[in-house]
Amino acid sequence: MATIGILGLQGAISEHVKQIEATGQKAVIVKQVDQLAELDGLILPGGESTTMRKLMDRYGFIEPILQFAKQGKPIFGTCAGMVLLAKKVIGSDTAHLKLIDIEVERNAFGRQRESFEVNIDIKNLEQPFKAIFIRAPNGERAGKDVEVLADFEGKIVCARQKNILVSAFHPELTNDIRILEQFIDMVEESLKTGV
Ligand code: GLN
């Protein structure tokens, strides 16, 4: 069984816990840096990226999360988590963790579509996935090392670069565990290779 942490400073935390448990893995809500040591993978949830960043600074999470990624341990960012992981946030001087080579635009799907659901095709999944977008960011550009797993209306909404996975939508708000299972596969792979 793998141990998956959810950064528990702000945002949609309990939904991830439920979904992780539904895959048979152990979920841990992470509120302190020293908890990172017991994890095999980490989820940065949806919420408000600016607030989450402030709290990450306050509790000293930035450097330890960068170290966690450097060890090859997988990180999955959903929505605000995708913003936190992106190399560049359009219109802002400060990006956050810069662990995936994509440029994102925050709250990008327009006011009348602040929140919507749509079935999208995701690479490696046979059937479409019901994607729930809530004031979602979109990925405008991706570097050559990034594998785009899904796009919607020409925007990147799910992508992977090595041990980093991001989705602009909220898989944890559905009963569909297929994307989380892909993340668990990444975690199991990293455990096997001993990183
Ligand atoms: N718009 C939010 C942000 O940029 C993300 C919204 C969400 O996580 N549902 O932080």
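**Exercise 1. Find which residues Lys31 is in contact with, leaving aside its neighbours within four places in sequence.**

Solution. Start with the contacts: Lys31 is in contact with Gly8 and Leu9, its neighbours within four places in sequence left aside. Two residues are in contact if their C-beta atoms, placed from the backbone, lie within 7 Å. Residues are numbered from 1 along each chain as its sequence is written. The model is predicted: local features need pLDDT of at least 70, side-chain atom pairs count only at pLDDT 80 or more, and totals for chains, interfaces and linings use all residues.

Lys31 sits in the loop between β2 and β3. Helices (H or I, at least four residues) and strands (E, at least two) are DSSP runs, numbered from the N terminus.

Lys31 is partly exposed because 14 other C-beta atoms lie within 10 Å. The cut-offs are these: a residue is buried if 20 or more other C-beta atoms lie within 10 Å of its own, exposed if 12 or fewer, and partly exposed in between, with C-beta atoms placed from the backbone.

**Exercise 2. Determine which residues of helix α1 are buried and where they lie around the axis.**

Solution. Helix α1 covers residues 14-22, and its buried residues are His16, Gln19 and Ile20. These residues are on the same side of α1 because they cover an arc of only 100° around the axis. The arc is that of the directions from the helix axis to the C-beta atoms. On the other side of α1, Lys18 and Glu21 are exposed.

Now ask what the buried side meets. The buried residues of α1 pack against β1 (3-7), β2 (26-30), β3 (41-44) and α5 (178-192). After α1 comes Gly24, with a positive phi near 85°.

**Exercise 3. Describe how the side chains of β8 are arranged, and how β8 is joined to β7.**

Solution. In a regular strand the side chains alternate between the two faces of the sheet.

For the partner strand, six bridges join β7 (residues 115-120) to β8, and the two run antiparallel. Two strands pair if DSSP finds at least two bridges between them. Ser115 stands opposite Ile134 in β8.

Ile134 counts as partly exposed because it has 18 C-beta neighbours inside 10 Å. Residues up to four places away in sequence not counted, Ile134 touches Gly46, Cys79, Ser115 and His170.

**Exercise 4. Locate the residues that UniProt lists for "active site", and work out whether Cys79 and His170 are buried or exposed.**

Solution. The unreviewed UniProt entry lists Cys79, His170 and Glu172. They span 94 residues in sequence, yet no two of their C-alpha atoms are more than 10.9 Å apart, so they gather at one spot. UniProt positions are given in the numbering used here, feature names are shortened, and annotations may be inferred rather than shown by experiment.

Cys79 lies in the loop between β4 (75-78) and α4 (80-85). Cys79 counts as buried because it has 30 C-beta neighbours inside 10 Å.

His170 lies in the loop between β12 (164-167) and α5. His170 is buried too, with 22 other C-beta atoms within 10 Å. Neighbours within four places in sequence left aside, the contacts of His170 include Cys79 and Ile134.
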